[in-house]
Amino acid sequence: MHEVDVARVLCTLGELAVDGSRGFTLGSGDWPLRGFVVADAGGAPRAFVNWCPHAGHGRNLRPHRFLTPGGELIVCASHGALFERGAGLCVAGPCAGRRLRPVPIEVAGDLVLLAPGADPAALADVGR
């Protein structure tokens, strides 16, 4: 197994399986990249910036809680908008038709990692 850059680790597939979603923060300072990972309908991980396209803030009120109670959709806890898990398309709510900002990832063994070459600062620069 090759060496893994631990600074790019978002979560493990095992952590993702516990709640169906997992929040992460990469970087430090005033504007780190805050995001979350979910599994799409086929079980493949997808990652998005934790930023509501309608209200301009994070989507969750509790750590790692980004899904509806049944786990079918991503939910914005502040105003109830619903998003597809795979593409991040808003299917209901005040931002219907808009998409969540994807975070490029790769899977290495049990680890979900930020894709090589992806810039956390550029991804975090949304809505400021």
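Leaving aside the neighbours of D40 within four places in sequence, this residue is in contact with R46, R85 and G86, where contact means heavy atoms within 4.5 Å. The structure is a predicted model, in which local features need pLDDT of at least 70 and side-chain atom pairs count only at pLDDT 80 or more, whereas totals for chains, interfaces and linings use all residues. Residues are numbered from 1 along each chain as its sequence is written, and side-chain values use heavy atoms, with hydrogens and water left out.

D40 lies in the loop between β3 and β4 (45-49), and with a relative accessibility of 11% this residue counts as buried, a term that means under 20% relative accessible area, as against over 50% for exposed and in between for partly exposed, with a 1.4 Å probe and protein chains only. The side chain of D40 forms a polar contact of 2.9 Å with the side chain of R46; such a contact is a pair of N or O atoms within 3.5 Å, of which, within protein, one must be able to donate a hydrogen and the other to accept it, and residues adjacent in sequence count only if both atoms are side-chain atoms. A polar atom of the D40 side chain also lies 2.9 Å from the backbone nitrogen of G42.

The protein as a whole has two helices and ten strands, which are DSSP runs numbered from the N terminus (helices: H or I, at least four residues; strands: E, at least two). From the N terminus on, the elements run β-α-β-β-β-β-β-β-β-β-β-α. Four of the strands form an open sheet in the order β2-β3-β4-β8, with antiparallel pairing, two strands being paired if DSSP finds at least two bridges between them. In this sheet β2 (21-26) and β8 (102-103) stand at the edges, each with a single partner strand, so one side of each is left without a neighbour in the sheet. The antiparallel pairing of β2 with β3 (residues 33-39) extends over six bridges, and S21 stands opposite V38 in β3.

L100 is found in the loop between β7 (90-92) and β8 and, at 3% relative accessibility, counts as buried. The C-alpha atoms of L100 and C52 are 7.4 Å apart in space, although the two residues are 48 residues apart in sequence. Across the protein, 42% of the contacts between residues at least 6 apart in sequence join residues at least 24 apart, and buried residues make up 37% of the 128 residues.
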